[in-house]
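Welcome, and open your viewer. We will go from stop to stop, selecting something each time and seeing what is there.

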Amino acid sequence: MQSNAFTSARSPPLGAPTLRHPRRVTARYASQLKPVSTPSKPPPRLLFTGASASPVSWKARGRIGRVEVRAASEEPAIETAPAAAASGGLVRMLELGALFGLWIVFNIYFNIYNKQVLKVFPYPATLSALQFLCGAVLVVIMWAFNLYKKPKINADQLAAIFPLAVVHTLGNLFTNMSLGQVSVSFTHTIKAMEPFFSVVLSAMFLGEAPTLWVVSSLVPVVGGVVLASFTEASFNWIGFLSAMASNLANQSRNVLSKKLMVRKEDAVDNITLFSIITIMSFILSAPVAVVAEGVKFTPSFLQSTGLNVGEVLTRSLLACLCFHAYQQVAYMILQRVSPVTHSVANCVKRVVVIVSSVLFFRTPVSPINSLGTAIAIAGVFLYSRVEKIKLKSS
């Protein structure tokens with residue numbers, strides 16, 4: 001009876017050969033054994049997938065008495081990790097290349113449209129205020145539709161950002177004044193002296209003494225600008241001094257950023273910083289434009305001067321959009337690369353802007369003028385390389 005009871009509970013399926021020792025179940029039939037179903041409360045629905053320390057994944061699917069043990073192969077993860085890293089690096093490189101391309105394209109079109117408008121509408125303060133207004137509207141739209149997170153700004157942050165907005169406003173105003181007086185290529189040749197002002201201001205206000213290599217790299221920058229100025233066909237002192245003042249204002253931002261260091265918890269990202277500066281710049285520039293030039297940008301005034309109102313409004317709007325776009329992209333690039341790399345890219349961008357403006361406006365350029373511009377740009381590139389070497393050594 002004991003044998004019959006045992007065989008009835010643990011015997012192999014029908015059709016299998018009879019075993020002399022029923023307790024010894026061969027491996028052939030072990031997989032066909034069925035557990036005795038006993039009524040019990042179903043276990044909770046659990047999921048364990050590869051999180052254990054061992055390379056074994058446990059996965060319970062909620063079926064009573066059924067647990068699968070699966071070996072999690074680690075080879076695919078090891079093989080795909082370098083491929084995933086390479087793919088991610090390629091995507092980042094393509095994204096950065098696209099940003100650099102957009103930066104250059106927006107800058108070219110801004111200078112072309114801006115110069116065209118200033119030729120027929122010689123009111124740089126009004127045009128600067130309009131450009132900041134366009135940027136402020138785009139920032140508000142970006143925040144309203146959650147295209148970028150709306151920041152929470154306190155009084156300390158606004159106090160630290162305000163001086164940056166002041167010099168940003170002055171930098172754009174003086175640039176427009178220069179573009180209204182001289183050629184685009186000459187304005188950007190003068191603006192190649194930005195490293196010179198950066199070194200001088202850092203030495204005066206931050207106590208950062210320049211090295212001999214830095215000073216040596218600035219010699220061709222200054223020499224090239226002087227050579228280009230003496231041979232510039234469109235030279236006049238208002239345009240020249242306005243571009244120099246723009247350099248002074250723009251490079252003051254770097255000094256102020258270091259002098260007015262905020263607490264770490266009060267720091268904001270570059271995109272938010274640019275957005276707040278844009279709104280502040282419009283608030284600062286609008287009263288200056290009205291006081292200095294009056295209310296000029298109206299259809300009635302444009303018609304009274306005999307201008308094509310639609311064409312002027314269209315080109316002004318395009319200049320405003322390109323102005324905000326190229327600066328927005330510049331800050332996006334600055335979040336991804338070092339300041340030295342950004343400076344080198346800015347040097348390349350300036351060369352492209354100068355060449356494209358000369359070709360578009362058919363600006364007369366003498367060989368000596370071209371040589372002076374080339375020397376100045378080469379000096380800026382040399383300065384960027386020296387700064388990179390100094391950064392590595394420090």
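**First stop: a buried threonine**

Select Thr 272, which is buried, with a relative accessible area of 4%. Here buried means under 20% relative accessible area, exposed means over 50%, and partly exposed is in between, with a 1.4 Å probe and protein chains only. Thr 272 sits in helix α10, residues 270–293. Leaving out residues up to four places away in sequence, Thr 272 touches Tyr 148 and Pro 151; contact means heavy atoms within 4.5 Å.

A word on what you are viewing: this is a predicted model, in which local features need pLDDT of at least 70 and side-chain atom pairs count only at pLDDT 80 or more, while totals for chains, interfaces and linings use all residues. Residues are numbered from 1 along each chain as its sequence is written, and side-chain values use heavy atoms, with hydrogens and water left out.

**Zoom out: the whole chain**

Now show the whole chain, colored by secondary structure. How many helices and strands are there in the chain? There are 14 helices and two strands. These are DSSP runs numbered from the N terminus: helices are H or I with at least four residues, and strands are E with at least two. Of the 394 residues of the chain, 37% count as buried. The accessible surface of the chain comes to about 23,100 Å², and 67% of that belongs to carbon and sulfur atoms; the areas come from the Shrake-Rupley method with a 1.4 Å probe.

**Second stop: α8 and α14**

Select residues 212–230 (α8) and 367–393 (α14). The two helices pack at an angle of about 160 degrees, with their axes 7 Å apart. That makes α8 roughly antiparallel to α14. Angles under 35 degrees count as roughly parallel, over 145 as roughly antiparallel, 65 to 115 as roughly perpendicular and the rest as oblique. The axes are lines fitted to C-alpha atoms over the stretch in contact, and angles run from 0 to 180 degrees between N-to-C directions. The residues of the contact of α8 with α14 divide into 16 nonpolar, six polar and two charged. For these classes, Ala, Val, Leu, Ile, Met, Phe, Trp, Tyr, Cys and Pro count as nonpolar, Asp, Glu, Lys and Arg as charged, and the others, Gly among them, as polar.

Stay on α14 and pick Leu 391, which lies in this helix. At 52% relative accessibility, Leu 391 counts as exposed.

Next, select α12, residues 309–334, together with α4. They pack at an angle of about 60 degrees, with their axes 9 Å apart. That makes α4 oblique to α12. Residues making the contact include Leu 127, Phe 132 and Leu 138 of α4 and Cys 320 and Phe 323 of α12.

**Last stop: two loops**

Select Arg 362 and Thr 363, both in the loop between α13 and α14. Are they buried or exposed? Arg 362 counts as exposed at 75% relative accessibility, whereas Thr 363 counts as buried at 18%.

Finally, go to Asn 146, in the loop between α4 and α5. Asn 146 is exposed, with a relative accessible area of 65%. Most residues other than glycine have a negative phi. Asn 146 has a positive phi of about 55 degrees, and phi of Arg 362 is near 55 degrees.
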